[in-house]
Amino acid sequence: MQKVNKHGLVGDLWPKIRLMQLTGMFILEFHEDSSPGTQLLRVAYCWIVTALLIAQYACVITFTVGLNYNNDLLAGGVVTTLFFTHGMIKYIYVGLKNKSFYRVLSSWNNANSHPVFAESNARYRAKSLSRMKRVLTIICVWTSVLQVYWVFSLVAHSQLCDGMFCSLVLFSCDQLKHLKEILKPLIDLSISQHGIPSSLDLFVNKSASSNKKL
């Protein structure tokens, strides 16, 4: 058994990662048991879910194309088909690009451990974590009212992908705010030590004929 290190961003996103795994998405990393037999079962489960989703989506398309609709029913059928296409595209994209998904998580997972910035980093991480939990709560409430497995799976995949993207954006925004906060005093200190004029003074010109500022 290999224990997963749930620190940093991976720890913050752990509920979303587990839900994506449980709904059959090809997120095959971040498991405590990585033995070949268990990994093979996970791959088989993902492929079974994929086959069911594609087969039922093909049935929806066949049903939509094969029946004679009036204009209103045809429009409704097309909109419904396109709605489920949204979830299928995200599901397939994550399965094909899962290495990029791992790489993004790995690049953001290394927390700033310098003691000078620990308080600021913890504050902004807490803000992003609170927003991530709010997004996940909305996703769970939205998808839990659906009863059909196929509809649930497609909507869950779509919403979880959106939620993961939103979580990464929220985390990166708070990290940029954290970076701005810790760099500002360093920039001010550098300006004071080297006699560099402030940004306001750089845009103030003096008249050639007087000492008054323009």
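Okay, disulfides: a search of the whole structure turns up zero of them. Keep in mind that this is a predicted model. As for individual cysteines, take C46 and C173. C46 is buried, at 3% relative accessible area, while C173 comes out as partly exposed, with 37% relative accessibility.

Now, the core. The largest nonpolar core has 31 residues, and the ones touching the most other members are L13, I17, I27, F30 and L105. Who supplies it? At least two residues each come from α1 (8-12), α2 (14-22), α3 (36-66), α4, α5 (98-109), α6 (118-144) and α7 (149-194). The largest share is from α7, with six residues.

If you skip its neighbours within four places in sequence, I27 is in contact with I17, M20, Q21, V94, F101 and Y102. I17 shows up again there, and I17 was also on that list of residues touching the most other core members.

Last one, and have a look at this on the screen: K90. This lysine sits in helix α4, which covers residues 71-96. So is K90 buried or exposed? K90 has a relative accessible area of 17%, and the cut-off for buried is under 20%, so K90 counts as buried. What does the K90 side chain pair up with? There's a polar contact to the side chain of H86, at 2.9 Å. And leaving out residues up to four places away in sequence, K90 touches M25, S158, C161 and D162.

That's what I had, so over to you.

Key
Residues numbered from 1 in each chain as written. Predicted model: local features only at pLDDT ≥ 70, side-chain atom pairs only at ≥ 80, totals over all residues. Heavy atoms only, no water. Helix = DSSP H or I, 4+ residues; strand = E, 2+ residues; numbered from the N terminus. Buried < 20%, exposed > 50% of the residue type's maximum accessible area, 1.4 Å probe, protein only. Polar contact = N/O pair within 3.5 Å; in protein donor to acceptor, adjacent residues only side chain to side chain. Contact = heavy atoms within 4.5 Å. Disulfide = S-S within 2.5 Å. Core = buried A, V, L, I, M, F, W, Y, C linked by side-chain atoms within 4.5 Å.
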